[in-house]
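Subject: Structure handover

Hello,

Here is the structure for your files. Please open it alongside the notes below.

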Amino acid sequence: MSQATFLELEQISLGYDSRQGLRMVVRDFSLQLPRGQTACLLGPSGCGKSSILRAIAGFEPLRSGSIQLNGNLLSRQGYALAPERRNVGMMFQDYALFPHLNVLHNIGFGLGHLGRAERQARSLQMLELVGLREAQHAWPHELSGGQQQRIALARALAPEPALLLLDEPFSNLDTDLRERLAQEVKDILQQTGQTAILVTHNHREADIMGHRIGRMQPGQAVAWHDSATA
Ligand SMILES: Nc1ncnc2c1ncn2[C@@H]1O[C@H](COP(=O)(O)OP(=O)(O)OP(=O)(O)O)[C@@H](O)[C@H]1O
């Protein structure tokens with residue numbers, strides 16, 4: 001039975017202007033993802049994975065095609081909804097926590113629309129979710145790499161984004177930890193019903209986290225298949 005599509009990328013193409021003219025890096029890329037599922041994009045360096053995430057976040061214009069999320073048009077050629085209006089969260093490989101804010105304030109950073117008490121309650125709830133409640137007053141530099149990535153995840157999830165983009169979030173961690181963390185993050189996304197896209201070079205990570213896995217090769221159409229494990 002086919003489930004309703006929540007995120008739809010329909011034949012998107014992306015390119016960069018260079019001195020030689022427009023250089024296309026992604027051609028006719030499509031994805032349909034139901035709510036609550038994770039799609040993993042696997043492929044060699046330079047095939048355009050991060051460019052696709054940036055286009056979904058609203059930082060790259062589409063040369064053709066369209067992006068829709070929950071029935072709303074985010075982008076098509078000549079139109080792009082502003083990034084802050086997309087309800088899309090992001091998490092990257094460099095932990096990107098604010099060094100001058102403690103853990104609780106890092107998580108609450110994107111919750112400026114809430115009152116102080118609500119912001120604190122929501123931040124604590126997120127800390128609980130990632131299993132680090134005891135670290136609420138710590139500074140980022142006092143935490144391990146894995147802990148910092150858990151906090152980055154808590155921060156990305158706190159505003160309840162419709163879609164979470166994960167760009168190689170485990171690649172600075174050693175092999176053991178990255179697989180454990182991938183499993184943990186998958187459980188958290190499942191628990192919260194979060195829809196997500198993960199970009200990775202790592203097949204194990206994709207197998208652990210992806211409901212759908214897309215293999216990309218430069219110049220070739222993406223090959224999607226459903227994961228046997230997720
Ligand atoms: N701002 C930019 N201006 C010009 N070219 C760019 C820009 N960003 C990316 N590119 C080029 O687009 C291509 C795709 O880059 P992208 O970062 O999307 O690939 P990727 O698959 O995510 O690679 P990696 O796995 O190394 O992160 C590369 O050839 C890159 O050099």
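Predicted model: local features only at pLDDT ≥ 70, side-chain atom pairs only at ≥ 80, totals over all residues.

Residues are numbered from 1 along each chain as its sequence is written.

Helices (H or I, at least four residues) and strands (E, at least two) are DSSP runs, numbered from the N terminus. Two strands pair if DSSP finds at least two bridges between them.

Six-stranded sheet
The six strands of this open sheet come in the order β7-β8-β9-β3-β10-β11, and the pairing is mixed. β7 (88-92) and β11 (223-226) are the edge strands; each has a single partner strand, so one side of each has no neighbour in the sheet. On average, neighbouring strands are turned by 15 degrees against each other, direction ignored (axes are lines fitted to C-alpha atoms, for helices over the stretch in contact, and angles run from 0 to 180 degrees between N-to-C directions). Four bridges pair β10 (residues 212-215) with β11 in the antiparallel sense, and Ile-213 is opposite His-225 of β11.

Five-stranded sheet
The other open sheet has antiparallel pairing and the order β2-β1-β4-β5-β6. Its edges are β2 (21-34) and β6 (79-80), each with a single partner strand, so one side of each lacks a neighbour in the sheet. β5 (residues 72-76) runs antiparallel to β6 and is joined to it by two bridges; Ser-75 has Ala-80 in β6 as its bridge partner.

Helix α1 (residues 49-57) lies across β3 (38-42), β7, β8 (163-167) and β9 (195-200), at about 150 degrees to β8. Around the ligand are Tyr-16, Val-25, Gly-43, Ser-45, Gly-46, Cys-47, Gly-48, Lys-49, Ser-50 and Ser-51 (C-beta atom, placed from the backbone, within 6 Å). With three residues, α1 gives the most to this shell.

Helices α4 and α5
The axes of α4 (residues 145-157) and α5 (residues 175-192) come within 11 Å and cross at roughly 20 degrees. The two helices therefore count as roughly parallel (under 35 degrees). Gly-146, Gln-149, Leu-153 and Leu-157 of α4 meet Leu-177, Leu-181, Val-185, Ile-188 and Thr-192 of α5 (contact: C-beta atoms, placed from the backbone, within 7 Å).

Regards

Methods
Contact = placed C-beta atoms within 7 Å. Parallel < 35°, antiparallel > 145°, perpendicular 65-115°, else oblique.
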